[in-house]
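Here is a short report on selected local features of one protein model. Please keep the sequence and the 3D view open while reading.

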Amino acid sequence: MELSTLVEDGQPGWTRRVFSDAYKQSRALVKTMMQVAGLAVTLDPAGNLIGKLGGGDPELPPLVVGSHSDTVSAGGRFDGMVGVVAAVEVARILAGHGGALRHPLWIVDFLGEEPNQFGISCLGSRAVTGHLTAEHLALRDETGASLGDALRTSGCRPDELASTRWPDGSLHAYLELHIEQGARLERAGRQIGVVTCIAGISRASIDIEGRADHAGTTPMDLRRDALQGAAELVLGTEVIGRVQEADEDGVATAGRLLVEPNSTNVVPARALLNVELRSVFETWLRNRSTDLETLAGRVASSRSLAVTVQWVSQGDPVPCDPRLRRILSQSAARVGTVPLELPSGASHDAAHIARIAPIAMLFIPSRDGRSHCPEEWSDPWEVTLGAKALLQAVLDVDGAAL
Ligand code: HGY
Ligand code: MN
Ligand code: MN
């Protein structure tokens, strides 16, 4: 709740985007919380806030627990924040019981998990796994500024990204507590979820070039209307998202559209459409990406438009570590709940950390399955129970030979 008071002025809901002043203030608060909890806090060149607690055996690799504290536009107060605040609370309790853990414990607030104006998400967790590339840093937003510039301006050191790298196999495990952002737990009457697999996401930026013309004097059959082409792609995205293949399915969203010159009396010359496809089934994801490209080609030829599909990111589904899933199910039971195993339609920093370490996630319920909106809500007792399960999971994973 305290974090949610730090939001961007004049923005609806709870908005705290990665390059905003509100985010800068909120990270100062998270840093203070980490310090009060007894952690040694550093900010790495990629902007990851890392609080460290020594373990009984400093030779052992760290057990890392994290999430994010940035939001989408007009977002809620729980997506990411629950995982960060609960992780700090877990560390505070363990710091008060010196020697409780064998492994060092790192608590991480990853930079910019949500997609930003450069069209790329998970900046901090990509960086530590070596997947925030020079091409990414060169991505430009509508103002022409580059991601590298934005990182520099916000106090990060993108030229030193190599030094943020967590080598492959250098962690004992990575755990993340998060709200479900869906309604399966609520429908099943369960309080704790153990994630089986994190959906893969394919994100496309589709540039549609037509021709500006006078809206009053240009006959309909002479128009090259970029927005009409975009509209066909938007409706086609829904058709693609509804495709079922055997028992495989997924979702598709056309969530962002820019129109130029965006004037009522000019035939739209250009449209920029962002589409994302998600599924826990790799084949479905690949086939639907092909469908989208085929549709783009058809719209281009039938409307004499230039349509370019750029895949900004293509991430495969990420299974959670089966050993950790078993341990976390027992941890959830030890705090008196009956856990539910379920996939995550939302993506998380954990999906990137999976490249270098075994990962697992715990979910708490989202009321009415709502998220990425001001109505996002989890009851305080649900958050507390999630933190208890996370504490038990940290103790159990610390003691496990993985
Ligand atoms: O979009 C997502 O899945 C995540 O909430 N950033
Ligand atoms: Mn989110
Ligand atoms: Mn999130």
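The side chains of D321 and R323 make a polar contact at 2.8 Å. A polar contact is a pair of N or O atoms within 3.5 Å; within protein, one must be able to donate a hydrogen and the other to accept it, and residues adjacent in sequence count only if both atoms are side-chain atoms. This is a predicted model, in which local features need pLDDT of at least 70 and side-chain atom pairs count only at pLDDT 80 or more, while totals for chains, interfaces and linings use all residues; side-chain values use heavy atoms, without hydrogens and water. Residues are numbered from 1 along each chain as its sequence is written, with chains lettered from A and ligands numbered from 1 in the order in which they are written.

D321 sits in the loop between β13 (318–319) and α9 (322–334). Helices (H or I, at least four residues) and strands (E, at least two) are DSSP runs, numbered from the N terminus. With a relative accessible area of 12%, D321 is buried. Buried means under 20% relative accessible area, exposed over 50%, and partly exposed in between (1.4 Å probe, protein chains only). Leaving out residues up to four places away in sequence, D321 touches P358 and I359. Contact means heavy atoms within 4.5 Å.

**Two helix pairs**

How do the helix axes cross? The table gives the values. Axes are lines fitted to C-alpha atoms, for helices over the stretch in contact, and angles run from 0 to 180 degrees between N-to-C directions.

| Helix pair | Axes come within | Crossing angle |
|---|---|---|
| α2 (residues 81–95) and α11 (residues 380–398) | 9 Å | roughly 55 degrees |
| α7 (residues 226–241) and α8 (residues 282–303) | 10 Å | roughly 155 degrees |

α2 and α11 are therefore oblique to each other. α7 and α8 are roughly antiparallel. Angles under 35 degrees count as roughly parallel, over 145 as roughly antiparallel, 65 to 115 as roughly perpendicular and the rest as oblique.

α2 passes α11 in a right-handed crossing. In α2, the residues V82, A86, A87, V90, I93 and L94 meet V383, A387, L390, L391, V394 and L395 of α11. This contact of α2 with α11 has 12 nonpolar residues, no polar and no charged. Ala, Val, Leu, Ile, Met, Phe, Trp, Tyr, Cys and Pro count as nonpolar, Asp, Glu, Lys and Arg as charged, and the others, Gly among them, as polar.

Two residues of α2 deserve a look. V90 lies in helix α2 and is buried at 4% relative accessible area. V90 touches A387, L390, L391 and V394, not counting residues up to four places away in sequence. I93 is also found in helix α2, but is partly exposed at 30%.

α7 passes α8 in a right-handed crossing. Residues making the contact include E232 and L233 of α7 and R288 and D291 of α8. By class, the contact of α7 with α8 has seven nonpolar, five polar and four charged residues.

**Backbone features**

Most residues other than glycine have a negative phi, and most peptide bonds are trans. C122 is not a glycine, yet has a positive phi of about 55 degrees. C122 lies in the loop between β4 (105–110) and α3 (123–128) and is buried at 2% relative accessibility. S304 also has a positive phi, near 50 degrees. S304 is in the loop between α8 and β12 (306–314) and is partly exposed at 45%. E260 and P261 are joined by a cis peptide bond, with omega about 0 degrees.

Methods: Left-handed = near helix turned anticlockwise from the far one by under 90°.
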